[in-house]
Amino acid sequence: MLAWTIYISFAGALLLALLPKGKAGNGQSAALARVIALAIAVAGFAIAITGFAAGAGQGRVTIVDVPWVPMMGIHYMLADDGISRVLVLLTGLAAVAGVLFSWNIEHRTSEFFAFFLALIGGVYGVFLSFDLFLLFVFYEIAIVPKYFLIAIWGSTRREYAAMKLALYSFVGSAMVLIVLLAAYATSGSHSTALVDLSRANLPVSFQMWAFPVTFIGFGILAGLWPFHTWAPTGHVAAPTAASMLLAGVVMKLGAYGCLRVAIGLFPHGLDPWGWSFWGIGSWRDVFALLAVIGILFGALVALAQTDFKFVIGYSSVSHMGFVLLGLVTLTQVGVDGAVLQMYSHGVIAGLLFAIVGRIVYERTHTRQLAELEGMYLGRRLPFAAWAFVIAGVASMGLPGFSGFVAELQVLIGAWIAKPWWTAASGVGIVIGVAYTWRALQKAFFTDRLPRPDEHPKEGWPKFDAITWPEVTATCLLFAATLIVGVYPSILLNSIEPAVKALLAGGMQ
Amino acid sequence: MNYADLFRVTLPETALDIAALLVLIVDLGFLRKAALQTRIVASVLIAVLGCGAAVLTMPYQADGGLTYPGTTDLLLSAGGYTAIAQVGILILTVLTLFLLIGSDFTKHVSEFVAVVLMAATGGLLISAAQDLLVIFVGLELLSLGLYILTAFAKRSGKSAESAMKYYLFGGMSAAFLLFGFSYLYGLTGSTNLHQIMLGFYGPTVISSTSLVYVALVMIAAGLGFKVAAVPFHLWAPDTYEGAPAPAVAFIASVSKVASFALLIGIGTAADHIFNQMGHSDVVTVSRGSMTKWIGFTGPWSLIIAIIAVASMVFGNLAALAQNSVRRLLAYSAIAHAGYILLAVAYYSGSNINANAILYYILTYGLTTIGAFGAVSVVERIHGSDRMDAFLGLYKRNGLLAGVLLVLFLSLAGIPPLVGFWAKFNLFAAVLQVNRGMVPFAFVALAVAMSAVSLYYYLQVLKRVFVMPPANETPVKGTPLTMGVLALITLVVVVLGCLPGLMQSWMASFYAGM
């Protein structure tokens, strides 16, 4: 049943692309496009919830498995396990929130939602594919809509950012394609199903180079330092819904690929090399180091930003560092935490981008913290201020929110693996508090007195009122992070067995 | 051999030539006073019927082809890869001719159509040819047609210029090719491909390795020119820019299919003999453990591999700097030729390899015809193929914008479009032959280069979808042109979503062999 999330998303995209563009009454067709997009996103979310509930307590469930390219042994194989179900749920959530937060898009509305739904469909597809080839196909399908979403509807240096994002993604997927071709040729099993490939006993020497290439290839999209530079520019340039999707689910595609493909298929690539240099003795150490650098680097750079959205952009790099660190701990608790962090960061980053990009920017038309300082948003936009307070503390990792459970598990996993990883990334959390605090204070609760020339004579002009889609989507995302924060087992019960099976080498 | 057998093998060629004559008779004899578009439609219709008849006659060709009198050596092959290439040539010819409808670059409609059909006859011949003389005659028949087609827009100086360049380069490369052929004949005493390959194991050849290299380099120059491979590509950008759109589409598709079919023929003959004779006593570029690394032994593979790498690197990098969409497509064609040549270098003679090459070149030909069709529609409004002519096309013709989106992304190799499967098939075929270090590095380079290519395809799509239109005049194509373009786009999508369809269709040609 989960497969329908993919089909209805693509069908919706096609429908919206073919929707006749009203000549005079453009408003009408735009309203229709919004409603269609919302209906499809909600339907996808509903299917995701139902599928998640139905899959409780089950291992891998095959949804469909038919030969696709019989001559090459490629199967159209969709299946879901505990990890996929959680991420599909996240995608549905991000899709609904994304549509709601783009309710005010007036420029080429139906095309916007067509690209949006095409991207969502590709993301659903990646999470549900259990054939390496199919996974790759969906992974690449997701690249093109991203480009157009940013290039057409974006802001700050949008064409540059869109091209950069598209090329980074494509280079990453080219690396994956090389490994795919090599694994297909080497395994000799004449099948590209993940299960078959993981059983093919690929030679250790092959895994030793295939693992890092795959991990970097997917890691580019997960914001792996130093290949993360597309992320801040891309997030900032993207329209709100697209930055929500980028941070919320697209970066997870990369992390998911690292887990499912790199670690799942080439586990021996993480074995020690047999020699070490300054404590770096395996690819695992290398990528853990990169992840830790990413955590610290992202946090420190976020601390120095003057653009509100860049703060969130770099914080994404930092938080995704926790995901990558959790993955390479290879411990049950660490990888659990990584998957939970994917969900958690997807929700929280989506919310932060929505507040900055939609609720604040669309009203103030500036994202410069220095200018926001003189606007007293704490009093003039109380909804935005309090929403950001809650999202901010969730992002800092306060208990009661999903981020806390996730990052705690990652840190425990890292401690089991190598204590200094935990020590270093703990510093990242502290800096995380600092930059969130700084942004919060500057943007909303400044006590700087206005200069005389700043103070308008007839009082402050009123901002547009907060609209219902904004309130609904904000509450939805709040609920998503709170429920998991208070009762993490709701997701962990699903994640744990799947991670266990994956780490045990086989895919069940 | 008697003439009845010859006739039976060349039925498709005969059908095309009859159609060419009919086009001339009908147009010049009966339609002299008719309106231009009527004449175009009538001529294209006859040509399409001719191509259809050619396809229909193919099952009646003599099984396995035509042999020399009194021997078992093939003169013309039939069935298998030849049949696939011939069907492909006929389909692509039909699509090319559809692009003619609605154009007005020439009043000499029937001549254009007849030359297209005769050139296609040359294409059919070389995809079947197993003899140096037939190869040369077929190539010349094809090439002379292409020179004429390039020059057909008599009012355009560019057309004449590009035809002249094409002709001069073409003449020279034909001379090189003939020179190489003469050496081969001198070394082995035969013009038949199989006999030549056998001769490679003889004492004359072994003792004159350098002459073999001279001959093979000359031949590579001649055939490299046909497929526009670096460093024999210099004609391509100018010709693509100056020639009328249907002519370019023909050069970019049919002529390429025929040339690669010829390369498959040469490879198959070589592989056949190689399997008979084994590795002993033959001119090789690598011995012992080296073979394991580089994955091929013969000098021919070495030459082709060098050309392939040069083409994909240079073609992709040069395309980055283009401002004319036609030139961009020319350099992208060079790059695509490079990918295919890689598979030619690592050709194993198995059906999988031949099919991977044909799959690539046929789908590439289809896509590129569509791309040139779309470009020509825009050109007709703006009189220019500069990138800026495409500004805001989404607003001015949504369908055309969608067509360009699909076709260009397919050329870039984005799934689930057919171009992606073609690439995957091709690279998988290379790695199937040999998984040594060098072929793997070549494939990695090719994949990396196709990542580069996304940049320049997106440059065009950016203007189509992202940037605002410079003026709002709608871009209109004739309904038939738009219909054909939409059909090509649909095929690209459907074959991309169901890649098995075309593979099993191609496999069915080998069923009886």
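A residue counts as buried here if 20 or more other C-beta atoms lie within 10 Å of its own. Keep that cut-off in mind for the views below, and remember that this is a predicted model.

**View 1. A buried alanine with positive phi in chain B.** B:Ala228 has 29 other C-beta atoms within 10 Å, so this alanine goes down as buried. Look for B:Ala228 in the loop that links helix H10 (209-226) to helix H11 (235-242) of chain B. The backbone is the thing to check here: phi of B:Ala228 is near 55°, which is positive even though the residue isn't glycine.

**View 2. A partly exposed leucine with positive phi in chain A.** A:Leu330 is another non-glycine residue with a positive phi, this one near 60°. The loop between H13 and H14 of chain A is where A:Leu330 turns up. With 17 other C-beta atoms within 10 Å, A:Leu330 is classed as partly exposed.

**View 3. Chain A as a whole.** Zooming out for a moment, chain A has 21 helices and four strands. Its radius of gyration is 22 Å, close to the 23 Å that the globule rule gives for 508 residues, so chain A is as compact as a globular protein of that length. Buried residues account for 61% of the 508 residues in chain A. If you take contacts in chain A between residues at least 6 apart in sequence, 79% of them join residues at least 24 apart.

**View 4. Chain B as a whole.** Here the secondary structure comes to 22 helices and two strands. A compact globule of 513 residues would have a radius of gyration near 24 Å, and the 22 Å of chain B agrees with that. The C-alpha atoms of chain B fill a box of roughly 70 × 50 × 40 Å along the principal axes. Buried residues make up 59% of the 513 residues. Among contacts in chain B between residues at least 6 apart in sequence, 80% link residues at least 24 apart.

**View 5. Where chain B touches chain A.** The contact takes 25 residues from chain B and 26 residues from chain A. On the chain B side, the elements giving two or more residues are helix H19 (418-433), helix H20 (437-466) and helix H22 (500-507). H20(B) gives the most, with 13 residues. Sorted by class, the chain B side has 19 nonpolar, four polar and two charged residues.

View 6. Strand S3 (residues 272-277) of chain A is hardly covered, and the count of buried residues among its six residues is zero. S3(A) runs antiparallel to strand S4 (residues 280-282) of chain A, and two bridges join them. One pairing to pick out is A:Phe277 with its bridge partner A:Ile280 in S4(A). Two residues sit between the strands of this hairpin, where A:Trp278 takes a positive phi near 55°.

**View 7. Helix H10 of chain A, under cover.** Eight of the eight residues of helix H10 (residues 230-237) of chain A are buried, so the helix is largely enclosed by the rest of the structure. Among these buried residues are A:Trp230, A:Pro232, A:Gly234 and A:His235. The cover includes helix H6 (143-153), helix H7 (158-187), helix H11 (240-265), helix H13 (308-329) and helix H14 (332-364) of chain A. While you're in the area, find A:Pro226 in the loop between helix H9 (204-219) and H10 of chain A. The peptide bond from A:Trp225 to A:Pro226 is cis, with omega near 0°.

**View 8. Helix H17 of chain A and its neighbours.** The buried residues of H17(A) include A:Ala384, A:Phe388, A:Val393 and A:Met396. These buried residues pack against several helices of chain A, among them helix H16 (377-380), helix H18 (402-417), helix H19 (419-443) and helix H20 (468-486). Just after H17(A) comes A:Gly397, with a positive phi of about 95°.

**View 9. A cis bond between two prolines in chain B.** The peptide bond from B:Pro415 to B:Pro416 is cis, with omega near 5°. B:Pro416 lies in the loop between helix H18 (398-412) and H19 of chain B.

Methods: Residues are numbered from 1 along each chain as its sequence is written. Chains are lettered from A and ligands numbered from 1 in the order in which they are written. This is a predicted model: local features need pLDDT of at least 70, side-chain atom pairs count only at pLDDT 80 or more; totals for chains, interfaces and linings use all residues. The radius of gyration is taken over C-alpha atoms; the globule rule is 2.2 Å times the number of residues to the power 0.38. A residue is buried if 20 or more other C-beta atoms lie within 10 Å of its own, exposed if 12 or fewer, and partly exposed in between; C-beta atoms are placed from the backbone. Two residues are in contact if their C-beta atoms, placed from the backbone, lie within 7 Å. Two strands pair if DSSP finds at least two bridges between them. Ala, Val, Leu, Ile, Met, Phe, Trp, Tyr, Cys and Pro count as nonpolar, Asp, Glu, Lys and Arg as charged, and the others, Gly among them, as polar.
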